[in-house]
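Reader: Before I plan my reading of this model, could you take me through its interior and its ligand site, one question at a time?

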Amino acid sequence: MPADRELPQGRPSELVGRRIAGYRVEREIGRGGMAVVYRARDLRLDRTVALKLLAPELARNDLFRQRFSHESRVAAAIDHPNIVPVFEAGETEGLLYIAMRYVPGQDLRVLLDRQGPLPFPAAGRIAAQIASALDAAHAHELVHRDVKPGNVLVAEGTDSDHPEHVYLTDFGLTKKSLSLTGFTTAGQFVGTLDYVAPEQISGRPVDGRCDVYSLGCVVFETLTGAPPFRREDDMALLWAHQYDPAPPLTEQRPDLPEAVDEVFRTALAKTPEDRFASCAQFVAALRTAAAPARRTPTQVAGAGPQAPPGPPEPPGWARPVFRRAG
Ligand SMILES: Nc1ncnc2c1ncn2[C@@H]1O[C@H](COP(=O)(O)OP(=O)(O)OP(=O)(O)O)[C@@H](O)[C@H]1O
Ligand SMILES: [Mg+2]
C-alpha cells in the first residue's frame, strides 16, 4: 500500500483508543485497498459499530466525494435484512467515514479461503441472500458495482434452517469505474478484477445487470473455489471478461447437472441484454437447474427394497393418546 494511502493520524495501531467524530476506535477489523475498518464505540448511543475510514486520497477526488455522499445516502435509505445498515456517513479532519452495523463473523473471502468450495445448498442460500439485497438496491436505482466475496459478510444465522445470515456492504464504494482507464498508473490500486463486468471495463453505462454478472462470478467461486476467469496478468483478465467464454462449471463440479452450465452462460453473458433481468431470476434458475442432483440421494433412499419409513414415534407425553386411538 503506497504511503499516501496511510491514514493521516499515522499507523493504524495509533488510532486505537482515539476518538474520531463521535466514535472511539477499539480495534482494527480489516483493510482493503482504499479503507480501513475498525470496531468502534458509538459514544452517543453507546453501541458497537464498524467504522470505515476511507483513504485520504479519495476525499481529494471530487467525483468520488459526490458519489460517496449520494450513494451512502441512498444505501442508508434502503432498509433490507441483507444490506448492512449504515448509521452515518460524514467527513472529519479531511477523512471520509462511514459508521455501520458491526457484523460479527467473517467475510465470504475468508470463508472460501478457509473452507474451499461450498456444498450446493450453502452456496444457494448465500447466493439467494446477496441476490435479494442487490435486487432491492436496483429497485432504488442503486447499482453496487463491486460485488465480490470481500463485500459479503457472513454472520451466524438464526436457526438450523437459516445457518448463515448474509449482509452485502460497500455500495458504490468502488474506485474501479472512476479510474479503470488509469489502472496501470504506478501505485494506483484498483482492487480485484475477478468480478468486473465487461461493460464496466469498456466504460459503457452500467445498470443492475453488471451486478448480475459479478454475482455470477461470486457464485461460480463459491461452488468451485475460484472465479470463472483466471489469467496471468490484469490485461489478460480484462480481455477474458470481455471476449472469452467462461469454462463450464460442471468441469469442476461433476456432481452438478450440466443444466447449471447454461445458467452461468446466461449470468455471465458479455452483453447485459443477454443476462438474467434480475439477480433473483439467476438464483431461481440455478436452483432449478441443480434440483435433479439434489433430489438424487432421497430418490435413491426411497427406491431401495425397504419399505419407506413410517411416521415418526410420538413423543412420550402423547403415547397414551396414540395407544387409545390405535
Ligand atoms: N460492517 C462490518 N462489520 C464487520 N466487519 C466488517 C464490516 N465491514 C467490513 N468489515 C471487514 O473489514 C474488511 C475490510 O473491508 P474493506 O471494505 O476495507 O475491504 P475489502 O472489501 O476487502 O476490499 P476493497 O477495499 O477492495 O473493497 C472486510 O473484508 C470485512 O472483513
Ligand atoms: Mg469492502
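This is a predicted model: local features need pLDDT of at least 70, side-chain atom pairs count only at pLDDT 80 or more; totals for chains, interfaces and linings use all residues.

Reader: Which phenylalanine does Phe-264 touch besides Phe-220, leaving aside residues up to four places away in sequence?

Author: With those sequence neighbours set aside, the contacts of Phe-264 include Gly-216, Val-219, Leu-223, Leu-249 and Leu-286. Two phenylalanines are also on the list, Phe-220 and, as the one you ask for, Phe-282.

Reader: Turning to the ligand, which strand gives the most to the shell around ligand 1?

Author: Strands E2 (23-31), E3 (35-42), E4 (47-54) and E6 (95-101) each supply at least two residues of that shell. The strand giving the most contributes three residues, and it is E2.

Reader: How many residues of the shell around ligand 1 are charged?

Author: Around ligand 1 there are 21 residues, of which Lys-52, Asp-107, Lys-148, Asn-151 and Asp-170 come nearest. The shell divides into 10 nonpolar residues, five polar ones and, for the charged class, six.

Reader: What distance separates a polar side-chain atom of Lys-148 from an oxygen atom of ligand 1?

Author: For context, a side-chain N or O atom of Asn-151 lies 2.8 Å from an oxygen atom of ligand 1, and a side-chain N or O atom of Asp-170 is likewise 2.8 Å from an oxygen atom of the ligand. For Lys-148, the distance from its polar side-chain atom to a ligand oxygen is 2.4 Å.

Reader: What share of the area that ligand 1 exposes when taken alone does the protein bury?

Author: Taken alone, ligand 1 exposes 620 Å². The share of that area buried by the protein is 88%.

Reader: Is Glu-221 buried or exposed?

Author: Glu-221 is found in helix H8, residues 208-224, and among the residues it touches are Arg-109, Leu-112 and Pro-149. Because its relative accessibility is 2%, and the cut-off is under 20%, Glu-221 counts as buried.

Reader: Which residue's side chain is joined to that of Glu-221 by a polar contact of 2.5 Å?

Author: The contacts of Glu-221 also include Ala-226 and Pro-227. The side chain joined to Glu-221 by the 2.5 Å polar contact is that of Tyr-195.

Methods
Residues are numbered from 1 along each chain as its sequence is written. Chains are lettered from A and ligands numbered from 1 in the order in which they are written. Side-chain values use heavy atoms; hydrogens and water are left out. Contact means heavy atoms within 4.5 Å. A residue is near a molecule or strand if one of its heavy atoms lies within 4 Å of it. A polar contact is a pair of N or O atoms within 3.5 Å; within protein, one must be able to donate a hydrogen and the other to accept it, and residues adjacent in sequence count only if both atoms are side-chain atoms. Accessible areas come from the Shrake-Rupley method with a 1.4 Å probe; for residues, only the protein chains shown count as cover. Helices (H or I, at least four residues) and strands (E, at least two) are DSSP runs, numbered from the N terminus. Ala, Val, Leu, Ile, Met, Phe, Trp, Tyr, Cys and Pro count as nonpolar, Asp, Glu, Lys and Arg as charged, and the others, Gly among them, as polar. Buried means under 20% relative accessible area, exposed over 50%, partly exposed in between (1.4 Å probe, protein chains only).
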